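Q: Can you take me through the helix packing in this one?

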Amino acid sequence: MVKNSFISVISQEEKDENKGSVEFQIVSFTNKIRRLTSHLELHRKDYLSQRGLRKILGKRQRLLSYLAKKNRVRYKELIILLDIRESKTR
């Protein structure tokens, strides 16, 4: 598992100030998702980690939909920055 490939988009000063911001939480969840995904490539039958991954994916999805409703420009920038797919609209 390569730990250096995770995203350090937000600087250290911004981490201390904005831990509750939506963008910080989405970046944090994205790092956790990538870490769990690389873990599950090695350990395919780790069902508890699979469940945790699904829960984190749901949380990130809810935060992304909230951000898309509140500020579409910041949402688009974050999607491009994190290199993740845009969510399907209902």
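The chat below covers helices, the core and helix pairs.

Q: What kind of model is this, and how are residues numbered?
A: This is a predicted model, where local features need pLDDT of at least 70, side-chain atom pairs count only at pLDDT 80 or more, and totals for chains, interfaces and linings use all residues. Residues are numbered from 1 along each chain as its sequence is written, and side-chain values use heavy atoms, with hydrogens and water left out.

Q: How far apart are the end C-alpha atoms of helix H2?
A: They are 31 Å apart, which agrees with the 30 Å that the 21 residues of H2 (residues 22-42) should span at 1.5 Å a residue. The expected span is 1.5 Å times one less than the number of residues. Helices are DSSP runs of H or I with at least four residues, numbered from the N terminus.

Q: And H3, what does it reach?
A: H3 (residues 47-70) has 24 residues and reaches 35 Å from first C-alpha to last, close to the expected 34 Å.

Q: Which residues of H3 are buried?
A: Ser-49, Leu-53, Ile-56, Arg-60, Leu-63, Leu-64, Leu-67 and Ala-68. Buried means under 20% relative accessible area with a 1.4 Å probe, protein chains only.

Q: What do they pack against?
A: The buried residues of H3 pack against H2 and helix H4 (72-82).

Q: Switching to the core: how many residues does the largest nonpolar one have?
A: The largest nonpolar core has 18 residues, and Ile-26, Leu-64, Leu-67, Tyr-75, Leu-78 and Leu-82 have the most contacts inside it. H2 gives the most to this core, with 7 residues. A nonpolar core is a set of buried Ala, Val, Leu, Ile, Met, Phe, Trp, Tyr and Cys residues joined through side-chain atoms within 4.5 Å.

Q: What does Leu-78 touch?
A: Leu-78 touches Glu-23, Ile-26, Val-27 and Leu-67, leaving aside residues up to four places away in sequence. Contact means heavy atoms within 4.5 Å.

Q: At what angle do H2 and H4 pack?
A: The angle is about 25°, with the axes 12 Å apart. That makes H2 roughly parallel to H4, a label for angles under 35 degrees. Axes are lines fitted to C-alpha atoms, for helices over the stretch in contact, and angles run from 0 to 180 degrees between N-to-C directions.

Q: Now H2 and H3: what is the angle there?
A: H2 and H3 pack at about 155°, with their axes 9 Å apart. That makes H2 roughly antiparallel to H3, a label for angles over 145 degrees.

Technical notes: Helices (H or I, at least four residues) and strands (E, at least two) are DSSP runs, numbered from the N terminus. Buried means under 20% relative accessible area, exposed over 50%, partly exposed in between (1.4 Å probe, protein chains only). Angles under 35 degrees count as roughly parallel, over 145 as roughly antiparallel, 65 to 115 as roughly perpendicular and the rest as oblique.
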